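Trainee: Please take one part of this model for a close look and follow it step by step through the strands and the contacts around it. I would like the cut-offs stated as you go.

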Amino acid sequence: MGTCWGDISEGVRVEVPNTDCSLPTKVFWIAGIVKLAGYNALLRYEGFENDSSLDFWCNICGSDIHPVGWCATSGKPLVPPRTIQHKYANWKAFLVKRLTGAKTLPPDFSQKVSENMQYPFKPSMRVEVVDKTHLCRTRVAVVDSVIGGRLRLVYEESKDKTDDFWCHMYSPLIHHIGWSRSIGHRFKRSDITKKQDSHFDASPHLFAKVKDVDSCGEWFKEGMKLEAIDPLNLSAICVATIRKVLADGYLMIGIDGSEAADGSDWFCYHATSPSIFPVGFCEINMIELTPPRGYAKLPFKWFDYLRETGSIAAPVKLFNKEVPNHGFHVGMKLEAVDLMEPRLVCVATVTRIIHRLLRIHFDGWEDEYDQWVDCESPDLYPVGWCQLTGYQLQPPASQCK
């Protein structure tokens, strides 16, 4: 809905059900937006002026919210709230005066909402997705359900359909069938020799596009050092190493000091990923850098470490430096995926902003569960998103945990 949101602001009038009414039938009245919070709006019925006693919150994309004029064309009665029904003798004249020049929702707003709730991914589509037990490889999974663009994927070999993985359809963790082979990424061959007749491969054009990279000049090389968000502990930015350079700008990366000998915990980030940073990024931005596990010389100094390991830092110019004008501020509330348990969407707060990087705190939980997330991540949603899509929102954990 982002592209349609320019029409929504404080002062916009809408027609909504009148809950302050003793009539047996459903009637409507006009209300104005007092305050916006994500998809939610605080509304005040017309005629209450500065009286906030009956103000109420609702989801502005809900099916009961209509542009002014909808009642007239739909034959629905407009009835003033009981609390103020004797305030004016001529309500019609009052409304004409109040609504002249006022803004309302565009007439096609509900159609836009409906269009934005259609998703190109459908159940039974096959995709390649990260293997949650071995991050270094992908495997085939089948779309089981789609809620608000979030996919519940069931790994193809799961007989009882319980081995699943949740991610957004624009997540960098899912790809079309054949992607791994095309870039040289590890892939877990399926035990299933023949795919089910009802299953079909998702078209490559449905997946999030990554930027083309020009790797003809100076480029990332195996063994180069960098700083990276640890995909298994998203509150930490760690000392890391490029372990393998794949095709199309993809890199396999390992966290120094904690890698498995067989490379089974290497993970794939694209060269333009906002989750990798040049050496010194944490120090410049006063973020705590997680040193290699077991590294004795603390405080950690990059210069010493590079000399000791006989390695070089990946050139700064190769990293993505674009910072969109994202508009996030510290203290803002949102709904965010707990990426350690990605079926959960939780109440969260932005607590730090470093360029395009946001520190997300889950309300009611300790800071150790915080996550570094990109401002354009498909795992961040406005307040009211769960209500709109029918996804279950996890309330803040109780403070007495």
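Mentor: Leu-42 has Trp-57, a residue of strand 4, as its bridge partner. The model is a predicted one, in which local features need pLDDT of at least 70 and side-chain atom pairs count only at pLDDT 80 or more, whereas totals for chains, interfaces and linings use all residues. Residues are numbered from 1 along each chain as its sequence is written, and side-chain values use heavy atoms, with hydrogens and water left out.

Strand 3 (residues 40-45) runs antiparallel to strand 4, and 4 bridges join the two; strands here are DSSP runs of E with at least two residues, helices are runs of H or I with at least four, and both are numbered from the N terminus, while two strands pair if DSSP finds at least two bridges between them. These strands belong to an open sheet of 5 strands with antiparallel pairing in the order 4-3-2-1-5. Its edges are strand 4 (56-59) and strand 5 (66-67), each of which has a single partner strand, so one side of each is left without a neighbour in the sheet.

Strand 7 (residues 134-147) pairs with strand 8 in the antiparallel sense over 6 bridges, and Val-143 has Leu-153 of strand 8 as its bridge partner. The two strands form a hairpin with 2 residues between them, and Gly-148 in that turn has a positive phi of about 60°. Strand 8 is also joined to strand 9 by 5 bridges, again antiparallel, with Cys-167 in strand 9 as the bridge partner of Leu-151.

Strand 8 (residues 150-155) is mostly covered, since 6 of its 6 residues are buried, where buried means under 20% relative accessible area, exposed over 50% and partly exposed in between, using a 1.4 Å probe and protein chains only. In a regular strand the side chains alternate between the two faces of the sheet. Here Arg-150, Arg-152 and Val-154 point one way while Leu-151, Leu-153 and Tyr-155 point the other way, and all are buried. Arg-139 lies over the face of Tyr-155, at 4.1 Å from the ring centre; a charge is counted this way if NZ of Lys or CZ of Arg is within 6 Å of the ring centre and within 35 degrees of the ring normal. Arg-186 is likewise placed over the face of Trp-266, at 5.7 Å from the ring centre.

The structure holds 24 aromatic pairs. Trp-166 and Tyr-391 form one that is edge-to-face, at 5.6 Å centre to centre with 80° between the planes. Trp-166 lies in strand 9 (residues 164-168) and Tyr-391 in the loop between helix 7 and strand 24 (393-394), so this pair ties together parts that are 225 residues apart in sequence. Trp-166 is buried at a relative accessible area of 12%, and Tyr-391 counts as buried at 9%. Tyr-295 and Tyr-305 make another edge-to-face pair, with 5.3 Å between centres and 90° between the planes. As for cut-offs, rings of Phe, Tyr and Trp (its six-membered ring) pair if their centres lie within 6.5 Å, with planes under 30 degrees apart counted as stacked, over 60 as edge-to-face and the rest as tilted. Both Tyr-295, at a relative accessible area of 16%, and Tyr-305, at 7%, are buried.

Most residues other than glycine have a negative phi, and most peptide bonds are trans. A cis peptide bond, with omega about 0°, joins Leu-298 and Pro-299, and Pro-299 sits in the loop between strand 18 and helix 6. Asp-248 has a positive phi, near 60°, and is exposed with a relative accessible area of 54%. His-355 has a positive phi of about 55° although it is not a glycine; this residue is found in the loop between strand 20 (345-354) and strand 21 (357-362), and it is partly exposed at 46% relative accessible area.
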